[in-house]
Amino acid sequence: MYRKYLKKVCDFIICIITVILFFWLFLILAFLIKLTSKGPVFFHQRRIGKDKKEFHILKFRTMRADTPQNVPTHLLEHPGQYITPIGKFLRKTSLDELPQLFNILKGDMSIVGPRPALWNQYDLIQERDKYHANNVRPGLTGWAQINGRDELPIPLKAKLDGEYIKTMSFVFDIKCIIKTIGCVIRREGMKEGTPEVSDNL
């Protein structure tokens with residue numbers, strides 16, 4: 001019942017409330033991004049969604065407009081040189097992810113689920129197939145995200161995504177959301193240019 005119907009309803013209600021409450025923050029961040037670097041406010045990128053269908057994820061732009069596209073952060077040489085001044089703050093606080101609320105409202109994503117892979121992260125996509133983790137809507141946050149994030153090797157990340165699929169429930173989603181807030185406050189698990197694939201490009 002929850003997986004098929006209520007999860008999407010809960011996502012929609014929570015997103016609407018969040019957008020209304022924090023619309024002022026969207027405006028401030030958009031202004032700061034335009035003020036401190038050239039380029040658009042938002043960053044669009046091809047990602048893999050439910051049933052491996054592609055969609056365009058939406059983020060606040062944290063990197064310069066001349067940054068190579070569709071390349072995970074760890075494959076960039078000296079990735080720090082591409083990050084804008086406000087971008088460093090946005091990435092450390094995960095505020096760059098806020099526009100994904102609109103992806104959730106559109107139905108491409110959920111609040112909790114496996115983080116959407118880049119379209120060319122074939123190894124991660126293939127590994128997730130073993131756990132049926134490509135059969136659900138990807139999430140703004142997820143069980144793997146709060147248990148290591150960028151520090152996780154791909155096989156372990158996919159395994160944790162599989163654990164979420166098996167345990168998915170309203171209570172477990174709330175647990176993931178609460179733990180996500182704690183991880184963001186403590187700034188755990190995010191490293192630019194780590195050997196594993198980063199979700200933060």
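This is a predicted model: local features need pLDDT of at least 70, side-chain atom pairs count only at pLDDT 80 or more; totals for chains, interfaces and linings use all residues.
**Exercise 1.** Which residues make the nonpolar surface patch, and which helix gives the most to it?

*Solution.* Start with the members. Val 9, Phe 12, Ile 13, Ile 16, Ile 17, Ile 20, Leu 21, Phe 22, Trp 24 and Ile 28 make a patch of about 970 Å². Next, assign them to elements. α1 (2-21) and α2 (23-36) each supply at least two residues. α1 gives the most, with seven. Phe 22 lies in the loop between these two helices. Phe 22 has 36% relative accessibility, so it counts as partly exposed.

**Exercise 2.** Where do the buried residues of α5 sit around the axis, and what do they pack against?

*Solution.* List the buried residues of α5 (122-129): Leu 124, Ile 125, Glu 127 and Arg 128. They cover an arc of only 165° around the axis, so they lie on the same side of α5. Now turn to the opposite face. It carries the exposed residues Tyr 122 and Gln 126. Finally, find the partners. The buried residues pack against β1 (42-48) and α6 (154-167).

**Exercise 3.** Which residues of the largest nonpolar core touch the most other members?

*Solution.* The core has 33 residues. Leu 29, Phe 60, Leu 90, Leu 98, Leu 101, Trp 143 and Tyr 164 touch the most other members. Trace the sources: α2 supplies the largest share, five residues. Then take Phe 60. Its contacts beyond four places in sequence include Phe 26, Leu 29, Ile 33, Leu 90 and Leu 98. A second, separate core of five residues includes Ala 117, Leu 124, Ile 125 and Ile 154.

Conventions. Residues are numbered from 1 along each chain as its sequence is written. Side-chain values use heavy atoms; hydrogens and water are left out. Patches are made of residues with over 30% relative accessible area and no salt bridge: like charges are joined within 9 Å, nonpolar side chains (Val, Leu, Ile, Met, Phe, Trp, Tyr) within 5 Å. Accessible areas come from the Shrake-Rupley method with a 1.4 Å probe; for residues, only the protein chains shown count as cover. A salt bridge is a side-chain nitrogen of Lys or Arg within 4 Å of a carboxyl oxygen of Asp or Glu. Helices (H or I, at least four residues) and strands (E, at least two) are DSSP runs, numbered from the N terminus. Buried means under 20% relative accessible area, exposed over 50%, partly exposed in between (1.4 Å probe, protein chains only). The arc is that of the directions from the helix axis to the C-beta atoms. Contact means heavy atoms within 4.5 Å. A nonpolar core is a set of buried Ala, Val, Leu, Ile, Met, Phe, Trp, Tyr and Cys residues joined through side-chain atoms within 4.5 Å.
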